[in-house]
Structures are given as structure tokens and as C-alpha cells.
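Subject: Structure for your review

Dear colleague,

Please find below the structure that I am handing over to you. A short account of the findings follows it.

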Amino acid sequence: MAADLTPGKNYLSIVTPRMGAWKARFSMWPIKADSAAKYNTSMPEFDKWQKGTTLVNNSEKGRLWYLKILPTLTKNTKSIGRHGKKSDEAIAERSLTPEDGQ
């Protein structure tokens with residue numbers, strides 16, 4: 001998910017399952033301020049999602065763990081290739097903008 005974020009704001013996303021050939025996979029979707037978006041803060045389900053969610057802040061321990069594993073991470077070039085072939089509109093649908101922050 002691409003994101004253009006403003007410091008001091010909170011941004012939300014939802015993880016949705018999708019079936020793969022051998023196992024379930026997951027997709028991240030931005031929760032947008034625009035009520036026309038697939039997932040947005042105006043949806044009736046949004047309040048339920050908020051109540052069932054615990055805010056987690058990054059910690060120094062988490063940051064150090066990420067730096068430790070960073071050299072072992074690889075990009076899924078197959079997915080990136082598919083993402084790069086999407087229309088500008090499809091990419092925007094899956095991206096967070098400064099206006100989506102709370």
C-alpha cells in the first residue's frame with residue numbers, strides 16, 4: 001500500500017483475507033475519509049472495527065527488531081509487477097493520502 005502521510009495524524013487500514021491456490025493470503029486496504037471508497041470511515045461497520053481494535057504504537061524494541069531483520073527481507077517482485085501494471089485509479093484506491101488521516 002502506498003501512503004503519503006502527514007506527521008501527527010493516525011492512518012488506518014484493514015487486512016482482508018483472500019483465497020490463494022494453496023493457502024489464504026491477505027490484502028491491506030486503506031480506510032479512507034472519502035465515503036465513496038471501498039473501506040471508509042463513514043461505513044456502518046467502522047464503529048465496530050474501532051471498538052474491536054487496540055491501538056499499538058511502535059516502540060524502540062520494535063524499531064530495533066525491524067532494523068535487525070531488514071537485511072533478510074526480500075521484495076515480492078511478482079506482486080510488485082502486478083501492482084505496477086494497475087491503472088492510476090486502481091493504485092489511488094489502494095493508497096492513503098494526507099486527507100485520510102485523523
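Helices (H or I, at least four residues) and strands (E, at least two) are DSSP runs, numbered from the N terminus. On that basis, the order of elements along the sequence is β-β-α-α-α-α, that is, two strands and four helices.

This is a predicted model, in which local features need pLDDT of at least 70 and side-chain atom pairs count only at pLDDT 80 or more, while totals for chains, interfaces and linings use all residues. Residues are numbered from 1 along each chain as its sequence is written, and side-chain values use heavy atoms, with hydrogens and water left out.

Where contacts (heavy atoms within 4.5 Å) link residues at least 6 apart in sequence, 53% of them join residues at least 24 apart.

Surface: the chain exposes about 8,400 Å², of which carbon and sulfur atoms supply 57%; accessible areas come from the Shrake-Rupley method with a 1.4 Å probe, and for residues only the protein chains shown count as cover.

Helix α2 spans residues 60–69 and contains Leu-67. The relative accessible area of Leu-67 is 43%, so this residue is classed as partly exposed.

Yours sincerely

Methods. Buried means under 20% relative accessible area, exposed over 50%, partly exposed in between (1.4 Å probe, protein chains only).
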